[in-house]
Each structure stands twice: as C-alpha cells, then as structure tokens.
Amino acid sequence: RRIAAKDAVPNPTVIDIGQALQIMGIRHVVQPYKGYSRDVESQWDNLGRVLVDMEQPTPEIYDADDDDIMDDAKKSKKKLLKDIAKLVPSLPSRIQRLEKEKKELEEQQQKEAAGHKVASQKTSSSAKKKKGKKRR
C-alpha cells in the first residue's frame, strides 16, 4: 500500500493510472506487460507498471506556499499518488469496465443458481433403483 486506504481506489489498473496521468499532463510511460516476479498476484491479476517522469515540475506537484518545488521526493510522490487516486474513479473507461464486470458476475451467479437447481433434481432422481449387474 502506497497511500492510506481512505484515499486509495480499489483495484486500479495500469491503464486507469496512465489515463489519469495523461489528464494531469504528466509525462509517463505505461509498460503493460511488466510485473514484479516475486509477487504471484501481479503476475496474473494486475500486470504492468507505469514509469513517471518526476524530474520536470508540474503544477500539481508545485507547492505555492513555499514558492519553490518540493525537495523531498517522497512528499511529491505521495501527493502525485493522492491526485491520481482522486481522478481514477471518475474515468469513463473505468466506470464502463466496472459495470461490465458487475454484469458478468451477476450472470455467473444466475448460471450457478440454475446449475444448482438442475443438480439437485438429478440427485433426487438418482436415488431410484440402479440397473446393471449386481455384485456379491
């Protein structure tokens, strides 16, 4: 976890983060097939990484109260991550993706419920006398 859970977005994708950075006007590179080899989940579930150019100052990272650029890279990175987390939920592609996933989940649950009814009917009919050679 890079930022607090209250500020974070559940299940962001690399594409979502890239789109948020593009809206903010920050130079970045999306590498969709990169992953951390020791992390089993990142190999299959949420593959990819985003490289951000933190060298050039941007209006979002500039601290107007001090009249200079924040020296501490961690503070500017935290601020950038919080700004990205604010933008990601409102992205149209993310909203469409979440709606599609929700529909697929509902359809899967309906199929499982229908399959469960069919399976329960089969088990009740299989309680009848079995045919075939009887072994002693």
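**Exercise 1.** Determine which residue forms a salt bridge with Asp53, and where the two partners lie.

*Solution.* Asp53 pairs with Arg27, their closest N and O atoms being 2.9 Å apart; a salt bridge here is a side-chain nitrogen of Lys or Arg within 4 Å of a carboxyl oxygen of Asp or Glu. Asp53 lies in the loop between β2 (49-52) and α3 (73-87), and Arg27 in the loop between α1 and β1 (28-31), so the pair ties together parts that are 26 residues apart in sequence. Helices (H or I, at least four residues) and strands (E, at least two) are DSSP runs, numbered from the N terminus. The model is predicted, so local features need pLDDT of at least 70 and side-chain atom pairs count only at pLDDT 80 or more, whereas totals for chains, interfaces and linings use all residues. Residues are numbered from 1 along each chain as its sequence is written, and side-chain values use heavy atoms, leaving out hydrogens and water.

**Exercise 2.** Decide whether Asp16 is buried or exposed, and trace its salt bridges to Arg94 and Arg97.

*Solution.* Asp16 has a relative accessible area of 2% and is buried, where buried means under 20%, exposed over 50% and partly exposed in between (1.4 Å probe, protein chains only). Its side chain meets that of Arg94 at 3.4 Å, N to O; Arg94 lies in helix α4 (residues 92-125) and Asp16 in helix α1 (residues 14-24), so this pair ties together parts that are 78 residues apart in sequence. The side chain of Asp16 also meets that of Arg97, at 2.9 Å, N to O. Finally, Asp16, Arg94, Arg97 and Glu101 are linked in a network of salt bridges.
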